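Please look over the sequence and the structure below before reading on.

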Amino acid sequence: MAALRRSWLLVNALKNKHALHLREISSTQSLLAGAYHPDWKPGDYPQTQKEHEEAAKKYNLLPEDYRPLPDDGYGAGDYPALPNIGEEQKSPWTDWDDPRMRRNWGDPVHIDFDILVPDRADPAKRYRYPLWSMYAMFLFVYSMFFFTWLLSMRYPKVMPMMDKVYPYEEYKVRTAWAEGGVIIPPTNKRLKHYTFEPLD
Amino acid sequence: MGIAYAKFQEMWPDPRQKMPSQLEVDFRNGPTFDPMLGFPNGRKEREMPLTHDEMVDARLPFENRDYCAHKYVHYLQCMTESGFFAKLAGKCDHDQHEYNDCMKEDTILRWKEWERERRLLERRKRRIAKGLEPDPSLQTQTA
């Protein structure tokens, strides 16, 4: 109930400002993330040379360097396609305007800049060993375990056995609780036990 | 938790009285079948070279007063009589090996007893299925 009222208030507040546009998002938490300012929305995909030059000027790029993202339905209009270089790969020693983002004022920002960081989709990630070597090592070790398991299938792992037997009844293993509260002292009788050899 | 305890007591008053079912091997109470079943001429008995008085005089612990006590006594005598360097050189290895052999035979007999019990219980199950023996699960319990 409170969440419904909160979302209704938020949506109405955003609409009445006439400053932000909303996408069709149902969750309250995502409404602000989904809201955008119309001034900063990218334009349409450039069709003519003139639109191309205008878009390049808008993004602070030379027209020969400017290349829009492909127009395949997932693109962002005339937003440029920049190389996948994260901020961590740029030099820390140059005098950046914004040292944290390693970006100067007016630089175009990659459309996926928030994931090109070392703990997410790091573009500078390299494996220490070649992939074929890693697969081969895994298969080698796993095949050792598998081979050992195959050999072990012939032999039982658990061999159950009866309790130990004593010739004279003078040893009681169980506690008083198991015997009903009182341990009856054992008589030192000689008990009979047999082997498995038949008398001929 | 008190309710659970009380209900459990009502359902199963005395856990000690859990009688093993007549269709499962009970390793604690030992074999339930006649030892001579399957041996028309009988079985050999296990021999005990030591008498009770000798075991008491040797002051053996209770759990060592089994069918391998004579080997154990020889081993203990060797260990007490020989010195450190003699034992290091292997003076008591023969007695130890003899004792281990005896214990191995004892273990094998325990395996065999369990297996015998299991096979006789399966035979009983087959006989119950054929109707030659009464089914123990159908009997009513007396209070």
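## A partly exposed phenylalanine and its surroundings

In this predicted model, A:Phe146 counts as partly exposed, because its relative accessibility is 41%, and a residue is called buried under 20% and exposed over 50%. A:Phe146 is found in helix α4 of chain A, which covers residues 131–152. It also belongs to a nonpolar patch on the surface, in which A:Phe138, A:Leu139, A:Tyr142, A:Phe147, A:Trp149, A:Leu150, A:Leu151 and A:Met153 take part as well, and this patch has about 1000 Å² of accessible area together.

The UniProt record, in an unreviewed entry, places the feature "transmembrane region" at residues 132–152 of chain A. In the model, that span is 100% helix and 0% strand, and its end C-alpha atoms lie 30 Å apart.

Which residues of helix α3 of chain A are buried? In this helix, made of residues 49–58, they are A:His52, A:Ala55 and A:Ala56. These residues cover an arc of only 100° around the axis, and therefore they lie on the same side of α3(A). On the other side of α3(A), by contrast, A:Lys50 and A:Lys57 are exposed. Just after α3(A), the chain reaches A:Asn60, which takes a positive phi of about 65°.

## A buried histidine in chain B

B:His52 has its place in helix α2 of chain B, which runs over residues 52–57. Is B:His52 buried or exposed? B:His52 counts as buried, because its relative accessibility is 16%. When its neighbours within four places in sequence are left aside, B:His52 is in contact with A:Tyr168, A:Glu170 and A:Asn188 of chain A, and with B:Arg65 of chain B.

## Salt bridges

Side chains of opposite charge can pair when their charged atoms come close. Over all chains, the structure holds 14 salt bridges, and one of these joins the side chains of B:Glu115 and B:Arg119, at 3.1 Å from N to O. B:Glu115 counts as partly exposed at 24% relative accessibility, whereas B:Arg119 is exposed, with a relative accessible area of 53%.

B:Glu133 is partly exposed, with a relative accessible area of 25%, and its side chain meets that of B:Arg124 in a salt bridge of 3.7 Å, N to O. B:Arg124 is buried, at a relative accessible area of 19%. B:Glu133 also forms a salt bridge with B:Arg127, where the closest N and O atoms are 2.9 Å apart. B:Arg127, for its part, is partly exposed, with a relative accessible area of 27%. Elsewhere, salt bridges that share partners join B:Glu115, B:Arg118, B:Arg119 and B:Glu122 into one network.

Chain A has 4 helices and 1 strand, which follow the pattern α-α-α-α-β along the sequence. Of its 200 residues, 17% count as buried, and its accessible surface comes to about 16600 Å², of which 59% belongs to carbon and sulfur atoms.

The secondary structure of chain B comes to 5 helices and 1 strand, with the elements running α-β-α-α-α-α from the N terminus on. Of the 143 residues of chain B, 27% count as buried. Among contacts in chain B between residues at least 6 apart in sequence, 50% join residues at least 24 apart, while the corresponding share in chain A is 29%.

Note on methods
Residues numbered from 1 in each chain as written. Chains lettered and ligands numbered in written order. Predicted model: local features only at pLDDT ≥ 70, side-chain atom pairs only at ≥ 80, totals over all residues. Heavy atoms only, no water. Buried < 20%, exposed > 50% of the residue type's maximum accessible area, 1.4 Å probe, protein only. Helix = DSSP H or I, 4+ residues; strand = E, 2+ residues; numbered from the N terminus. Arc of directions from axis to C-beta. Patch = residues over 30% accessible without salt bridge, like charges linked within 9 Å, V, L, I, M, F, W, Y side chains within 5 Å. Areas by Shrake-Rupley, 256 points an atom, 1.4 Å probe, with all protein chains shown as cover. Salt bridge = Lys/Arg side-chain N within 4 Å of Asp/Glu carboxyl O. Contact = heavy atoms within 4.5 Å. UniProt positions renumbered as here; feature names shortened; annotations may be inferred.
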